[in-house]
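Morning, everyone. Let me put the model on the screen, and then I'll walk you through some contacts.

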Amino acid sequence: MKKQDAGRKMLGDLSPKFAELNDDVLFGQVWSRTDKLSAHDRSMITISALISGGNLAQLPAHLKIGKSNGITKTEIVEMITHLSFYVGWPKAWSAFGMVKEIYA
C-alpha cells in the first residue's frame with residue numbers, strides 16, 4: 001500500500017500529532033496488516049462504517065481507495081444496497097451518488 005501523507009498535507013500545520021497518527025498509525029500500521037485482513041476487506045469495512053455513521057465527507061476518498069484496493073462496482077453496489085436496510089435509505093442514496101461519480 002502506498003505511504004499515506006494526506007494527514008500531514010491537510011492538517012500537519014494545524015494538528016501535527018493528529019496528522020502523524022493518521023498517516024503513521026492508522027494508515028501506516030493498521031492498514032498495512034494485510035496478513036490479518038486484506039486491504040480490499042479493510043476498505044469494505046471502512047466504507048460501510050462511514051456510510052453507517054453518516055460520515056459522508058470522507059466517503060469519496062475511501063471509495064477511491066477501495067476501488068484501488070480492488071472493490072468492484074458490483075461489490076460496492078451490493079454492499080450499499082444491503083446496508084440501506086440496516087443504516088437508512090437516505091445514507092445509501094447519498095452514497096450511491098458518490099459511487100456513481102467514482103465508478104463511472
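Start with His62. Leaving out residues up to four places away in sequence, His62 touches Phe27, Trp31, Thr46, Ile47 and Leu50. Contact here means heavy atoms within 4.5 Å. His62 sits in helix α4. Helices are DSSP runs of H or I with at least four residues, strands are runs of E with at least two, and both are numbered from the N terminus. His62 is buried, at 12% relative accessible area. Buried means under 20% relative accessible area, exposed means over 50%, and partly exposed is in between, with a 1.4 Å probe and protein chains only.

A word on the source. This is a predicted model, so local features need pLDDT of at least 70 and side-chain atom pairs count only at pLDDT 80 or more, while totals for chains, interfaces and linings use all residues. Residues are numbered from 1 along each chain as its sequence is written, and side-chain values use heavy atoms, with hydrogens and water left out.

Back to two of those neighbours, Phe27 and Trp31. How are their rings arranged, as an aromatic pair? They are stacked, with 5.6 Å from centre to centre and 15° between the planes. The rule covers rings of Phe, Tyr and Trp, using the six-membered ring of Trp: centres within 6.5 Å make a pair, planes under 30 degrees apart count as stacked, over 60 as edge-to-face, and the rest as tilted. Phe27 is buried, with a relative accessible area of 11%. Trp31 is buried as well, at 4%.

The whole structure has 2 aromatic pairs. Phe85 and Trp89 also pair, and they are edge-to-face because their planes stand at 80°, with ring centres 5.8 Å apart.

Now the core. The largest nonpolar core has 18 residues. By nonpolar core I mean a set of buried Ala, Val, Leu, Ile, Met, Phe, Trp, Tyr and Cys residues joined through side-chain atoms within 4.5 Å. Which members touch the most others? Ile47, Ile51, Leu59, Leu63, Ile76 and Ile80. Helices α3 (39–53), α4, α5 and α6 (89–102) each supply at least two residues of this core. Helix α6 gives the most, with 5 residues. In soluble globular proteins, nonpolar side chains tend to be buried together.

Take Ile51 from that list. Beyond four places in sequence, Ile51 touches Leu56, Leu59, Ile80, Leu83, Val87, Lys91 and Ala95.

Next, the surface. Met10, Leu11, Leu14 and Phe18 form a nonpolar patch there, with about 480 Å² of accessible area together. Patches take residues with over 30% relative accessible area and no salt bridge, joining like charges within 9 Å and nonpolar side chains (Val, Leu, Ile, Met, Phe, Trp, Tyr) within 5 Å. Areas come from the Shrake-Rupley method with a 1.4 Å probe, and for residues only the protein chains shown count as cover. Leu11 lies in helix α1 (residues 6–11). Leu11 is partly exposed, at 30%.

On to charges. Side chains of opposite charge can pair when their charged atoms come close. How many salt bridges does the structure hold? There are 5. A salt bridge is a side-chain nitrogen of Lys or Arg within 4 Å of a carboxyl oxygen of Asp or Glu.

Asp24 bridges to Arg8, with the closest N and O atoms 2.6 Å apart. Asp24 is in helix α2 (residues 16–30) and Arg8 is in helix α1, so this pair ties together parts that are 16 residues apart in sequence. Asp24 is partly exposed, at 23%. Arg8 is partly exposed, at 39%. Arg8, Asp23 and Asp24 are linked in a network of salt bridges.

Asp5 pairs with Lys9, the closest N and O atoms being 3.5 Å apart. Asp5 is partly exposed, at 33%, whereas Lys9 is exposed, at 64%.

Glu20 and Lys17 meet in a salt bridge too, at 3.4 Å, N to O. Both lie in helix α2, 3 residues apart, about one turn of the helix. Glu20 is partly exposed, at 31%.

Last stop, Thr72. Thr72 is in the loop between α4 (59–68) and α5 (73–87). Thr72 is partly exposed, at 38%.
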